[in-house]
Amino acid sequence: MKLVEQRTACAQVGSGARMHAANVASPVSGLAQLRAWAGLACAAFLVVLHAGAATAASETPPMMLQQVAPNTYYVQGLAALGSTKNQNFISNSGFVIAPKGVVVVDALGSPALAQRLMDQIKTITDKPITHVIVTHYHADHIYGLQAFKAAGAVIIGQERAREYIYSETAKLRLEASRTDLAPWIDDNTRIEPADQWITGSTTMELAGATFQLDLVGPAHTPEDLAVWVPSEQVLFSGDLIFNGRLPFVGKANSGHWIVALDQMLQYPAKAVVPGHGKASADPQKDIILVRDYLKYLRKTMGEAANNLVPFEEAYDDVDWARFAPVPMFKFANRMNAYNTYLLMEQEALKGIKE
Ligand SMILES: [Zn+2]
C-alpha cells in the first residue's frame, strides 16, 4: 500500500452537525439529540463520540492517498462530525487513473478539500481530472464539486438527485453549513449540479476505461449509485457499505437497501471503497454483515409492529448477541431498531390498505 501524505496549516475550532437531519428520526425527542444524531447519521457511523472529540483537538487532518488497486486510490475522511477544525473532511473520495485521464468518485466536503485532493493527484500523475462521479448528493460528499468543475472536470450524477438539490432542504443545509463550517463553506460555496445526469443504471467509457454506474437506491438516498470498475476490480459503494461496523439506518428504505447489498455481492470485487471508513479488503464479509443486520432489524421489529408490541418492550426482548460485539452497536443499534420499528409499522399499514 502506497501512502502519500500532505498537511495544511489552517485550523479553527467550531462545530457542525447538520449533515443528515432529513434522514433521522429520534425515539427520545429533543432538539439536542436530534442535532447530534443528524450530524452523525452519515458522517460518523464510524465513530465513537469521544474519538471525534480527540480528533478535533489535533491539527488540520492529514490527507493520505491510499492505493487499493493498480490504478485506484482513495483518501479517507475522519470519523468525526464536520467542523471548521477538520474542514468537513469526514467522507472519502476515490479515483482511478484511467488511460486518458483521472476519474474521481465523490468530491469531499468542501472546495478546499477538493483542491487538496487535486494537488495530491498531481503528485502521482500528469493526467487531467476528466470526470467526477457523484454516488449521492449528501453535503459531505459534494461541497467540493465546484473546485473540480472549475478545474475542467465533467460531473456525472444520477437524475433522482435533482429533486433534492433544488429543494428547500438542500438550501437550508447549505445556509447552516456556511455558519457551522466557516470559513470552508462560505457564500461562494454552491451545490453544483451534474453536467450529465444519468437515467437508471448505465455503463460508460470515461477517459478510456469502463465504469459501470449502477442505481442501487432508494436506500441511503433515492439516487444512490454504486460504481464498479471492472479493469481494477474495485467497487465504490457510496454510503451503502460499511466496513465491519453497524450502519446508521436513519430513515433509509432498508428493504431496498438489502436488495442493493445483494446486488453488490454479485461484483467480484477485490476491494470496496466506501463513502466513509477504511476500504474493505474482504467485501463479501462486510457486505453480508450489514445485509444480515438490516434483515434482522426488519424481522424482529416487523414482528413486534405486527403484534402491536410496544417498541421498548420489543427492543428488550430481542436477542442482539450476534451484533452486540460489532463496532457502533452501542451507539447506533437502539436508534436503528426504532427507525425500523416505525418503518415496519408504515409498511404494515400500507399492506392493510392495499
Ligand atoms: Zn456520507
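Reply: Start with the core. A nonpolar core is a set of buried Ala, Val, Leu, Ile, Met, Phe, Trp, Tyr and Cys residues joined through C-beta atoms within 7 Å. Keep in mind that this model is predicted.

Me: Which residues touch the most other members of the largest nonpolar core?

Reply: In soluble globular proteins, nonpolar side chains tend to be buried together. Here the largest core has 94 residues, and Val104, Ile133, Phe148 and Val227 touch the most other members. Helix H9 (residues 283-306) gives the most to this core: nine residues. Now take isoleucine 133. Beyond four places in sequence, its contacts are Val103, Val105, Ile156, Phe211, Leu213, Leu225 and Val227.

Me: How do I read a strand such as S12 (residues 234-238): is it enclosed or open?

Reply: In a regular strand the side chains alternate between the two faces of the sheet. Check both faces of S12. Val234, Phe236 and Gly238 are buried on one side, Leu235 and Ser237 on the other. Five of five residues are buried, so S12 is largely enclosed by the rest of the structure.

Me: Which strands does S12 pair with?

Reply: Look at each partner in turn. S11 (residues 225-229) runs antiparallel to S12, with three bridges. Tryptophan 228 stands opposite leucine 235 there. S13 (residues 271-274) is parallel to S12, over four bridges. Phenylalanine 236 faces valine 273 in that pair. From S12 the chain crosses through helix H8 (residues 254-264) to S13, a right-handed β-α-β crossover.

Me: What is the average pLDDT of the protein chain?

Reply: The average is 84, and 82% of the residues score at least 70. Over residues 1-58 the pLDDT is below 50.

Key
Residues numbered from 1 in each chain as written. Predicted model: local features only at pLDDT ≥ 70, side-chain atom pairs only at ≥ 80, totals over all residues. pLDDT = per-residue confidence, 0-100. Contact = placed C-beta atoms within 7 Å. Buried ≥ 20, exposed ≤ 12 C-beta atoms within 10 Å, placed from the backbone. Helix = DSSP H or I, 4+ residues; strand = E, 2+ residues; numbered from the N terminus. Pairing = 2+ DSSP bridges. Right-handed = clockwise from strand over helix to strand, strands pointing away.
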